[in-house]
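Here are a few exercises to work through with the model open beside you. Try each task before reading its solution.

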Amino acid sequence: MKLYIGTSGYDYSHWGDGIFYHSGLPPEKWLEFYSRQFNGVELTTTFSQPPEGATVMGWIKSTPREFRFSVKGSSYITHIKRLRDAGESLEMAAENIKPLKPKIACFLWQLPAGFKKDHQTLADFCLLLKRSRFFQGFRHVFEFADTSWFCGDVYRVLKDYRCCLCFTDSPEKPGEWVVTTDFIYVKFNGGKAFYNSHYSRDELGLLADKVRAFSAKGGPASGGRDQVHTVYAFFNNDEQGFAVYNAQTFRMLLLERRML
């Protein structure tokens with residue numbers, strides 16, 4: 001079992017006020033410091049704009065060999081194109097992120113609220129990823145915001161293309177925990193207040209038990225057919241640095257459960 005645990009984003013300005021990074025540490029050193037504490041990060045900046053070459057090289061040089069990035073897919077593809085006719089946009093995205101390839105764990109495609117289920121569009125996009133010379137070699141995760149996506153025909157598409165349904169723990173976002181491939185991906189948005197609530201050790205313990213059960217059995221909906229080999233878990237409750245401390249505790253709890 002491989003565990004990649006960290007936070008959704010690492011470069012929040014308020015973390016530089018001593019919440020996580022000490023005040024004398026320049027922002028260009030933040031990722032290097034972060035990568036000494038965690039072995040993975042959900043790269044959120046790629047959602048809003050393509051990274052410059054110098055930025056990508058900085059990510060590579062600032063992190064150790066075994067460090068991994070979950071790259072959030074472009075909002076132009078997910079929110080503007082809504083996965084349709086995305087071939088050219090995917091190729092442009094590939095060019096921008098290509099140097100990071102050895103350290104990319106997966107791509108996260110976060111769909112917008114109000115985008116209701118369209119399993120054929122999802123299947124067409126998954127096929128496009130499968131045929132792409134660049135994207136075909138990576139794992140892909142889909143995070144849905146509308147409840148209509150949580151149904152059997154969508155899960156079948158994800159299983160057919162070996163893509164992952166993003167598990168979420170959130171007071172606002174809907175979700176189900178259904179295993180659709182050989183890895184699971186969990187986002188912790190804050191149990192009580194979105195982005196801004198601290199998980200207690202007891203709450204994290206229950207979540208660790210849940211992750212362990214799904215990883216061991218492939219989840220109740222899979223009938224045990226999908227053996228999970230890798231867990232990605234990222235904390236998104238960034239206010240006041242909760243994400244950092246919860247991620248550290250969660251990793252320890254998973255290790256106590258002999259998941260490594």
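**Exercise 1.** How many helices and strands does the chain have?

*Solution.* Start with the ground rules: this is a predicted model, in which local features need pLDDT of at least 70, side-chain atom pairs count only at pLDDT 80 or more, and totals for chains, interfaces and linings use all residues. Residues are numbered from 1 along each chain as its sequence is written, and side-chain values use heavy atoms, with hydrogens and water left out. Now take the DSSP runs, numbered from the N terminus: helices are H or I with at least four residues, strands are E with at least two. The chain has 8 helices and 8 strands.

**Exercise 2.** What is the radius of gyration of the chain, and what does the globule rule give?

*Solution.* Work over C-alpha atoms; the rule is 2.2 Å times the number of residues to the power 0.38. The radius is 18 Å, close to the 18 Å given by the rule for 260 residues, so the chain is as compact as a globular protein of that length. Along the principal axes, the C-alpha atoms fill a box of roughly 50 × 40 × 35 Å.

**Exercise 3.** Which residues of helix 4 are buried, and which exposed residues lie on the face turned away?

*Solution.* Buried means under 20% relative accessible area and exposed over 50%, with partly exposed in between (1.4 Å probe, protein chains only). In helix 4 (residues 87-97), the buried ones are Ser89, Leu90, Ala94 and Ile97. Down the helix axis they fall within an arc of 140 degrees (using directions from the axis to the C-beta atoms), so they line one face of helix 4. The face turned away from this buried side carries the exposed Glu88, Met92 and Glu95.
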